[in-house]
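Subject: Structure handover

Hello,

Here is the structure I promised to pass on. Please open it next to this email as you read.

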Amino acid sequence: MTMKFKSSILFFLIISFALFLVACGGSGHAGDTNDSTADEAEASAAEEQDDEQTQEQEAEPKLEIVNSTGGAWENSIGTIWVHSSAVFENTGDVPIEIGETQMNFKDTEDGILGTASMIYSVPSVVEPGEQAYISESTILDTATDASEYKETTYNFSFDETSNSPNLMEVSGVNGTTGADEYSQPYTVTGVVTNTTEELQDDIRIAAALFAEDGSLLGVLKGSVDVGLNPGSEAGFDLSYPDLPQEIADKVETVDVKAYGWTW
């Protein structure tokens, strides 16, 4: 074998080996980059979709009853009464307007002793994290004894809104117990001030009564409908609806909400 032939073979082997190294190195690097890019793109798209779904869920109007009470009693002429009240809370991230509420008064066997409808909260528009009060007392015609009453369930409607709560300022709140068993068990008085820039023809008011442990005892409601100019104030006296007599001595705190109702 000649020297020239050996040189040609050696040159050929060197060139072939170099080409093999280039080909292997280039393929691996490109492959890693393409796989990584695809994974990052898929992860980014999934994250964006999750964020959109979370934002949609957070933006949905949400309303919950966070505190409620109910009690039945027999008055001096043998009539069976029931009082029910509740605290609504906007647990979503958008303002909501509360519509009509229906109360269902149930007996110990989960039957219906009676219902009450067309009940409205104070206030009617609730911002995120804020609360509203609702209350009703009525006669249970089908009950023969107060012990038949078990609980009250609620059906209510609400929706997202752009309306203002139209809240009024309340001051000088004072609660007093009744003088005897024939008077109202509890009365709340105070002053409401029109802090808006418009005349308020109908101001709705509700006073929630709480025990020392924070449990709801009842809600009194009323209104100031004489017309209140911006910056003006008026007194209020709440003793409706009827409440169980035994709640009077349990009241520890009173919280009053007021708002200007508009047609």
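Below is what was found, from the overall fold down to single residues.

First, the ground rules. This is a predicted model, in which local features need pLDDT of at least 70 and side-chain atom pairs count only at pLDDT 80 or more, while totals for chains, interfaces and linings use all residues. Residues are numbered from 1 along each chain as its sequence is written, and side-chain values use heavy atoms, with hydrogens and water left out.

Overall fold

The protein has one helix and 13 strands. Both are DSSP runs numbered from the N terminus: helices are H or I with at least four residues, strands are E with at least two. Along the sequence, the pattern is α-β-β-β-β-β-β-β-β-β-β-β-β-β. The protein has 263 residues, and 35% of them count as buried. Buried means under 20% relative accessible area, exposed means over 50%, and partly exposed lies in between (1.4 Å probe, protein chains only). The accessible surface is about 15,400 Å², with 49% belonging to carbon and sulfur atoms. Areas come from the Shrake-Rupley method with a 1.4 Å probe; for residues, only the protein chains shown count as cover. Among contacts with a separation of 6 or more, 71% join residues 24 or more positions apart. A contact means heavy atoms within 4.5 Å.

Salt bridges

How many salt bridges does a search of the whole structure find? The search finds five. The term means a side-chain nitrogen of Lys or Arg within 4 Å of a carboxyl oxygen of Asp or Glu.

Lys 106, Asp 110 and Lys 150 are linked in a network. Between Asp 110 and Lys 106, the closest N and O atoms are 3.9 Å apart. Lys 106 is buried at 17% relative accessibility, whereas Asp 110 is partly exposed at 43%. Asp 110 also meets Lys 150, at 3.2 Å from N to O. Lys 150 lies in strand E7 (residues 149–160), and Asp 110 lies in the loop between strand E3 (96–107) and strand E4 (112–119), so this pair ties together parts 40 residues apart in sequence. Lys 150 is partly exposed, at 42%.

Another of the bridges joins Arg 204 and Asp 202, with 2.9 Å between the closest N and O atoms. Arg 204 is partly exposed at 26%; Asp 202 is buried at 16%.

Pockets

The largest pocket holds about 370 Å³ of space. Its lining has 15 residues, and Trp 73, Asn 75, Ser 76, Glu 181 and Gln 245 lie nearest the centre.

The second largest pocket holds about 290 Å³. It is lined by 16 residues, the closest to its centre being Glu 97, Ser 124, Tyr 259, Trp 261 and Thr 262. E3 and strand E13 (253–260) are the elements that give two or more residues to this lining. E3 gives the largest share, three residues. Volumes are the space filled by probe spheres set on grid points, which are joined across faces, edges and corners.

Where is Gly 78 found? Gly 78 sits in the loop between strand E1 (63–74) and strand E2 (80–90). Gly 78 is partly exposed, at 37%.

Best wishes

Notes
On a 1 Å grid over the protein atoms alone, a cavity is a set of points where a 1.4 Å probe fits but cannot get out, and a pocket is an open set with protein on both sides within 12 Å along at least five of seven lines; lining residues have an atom within 4 Å of a point.
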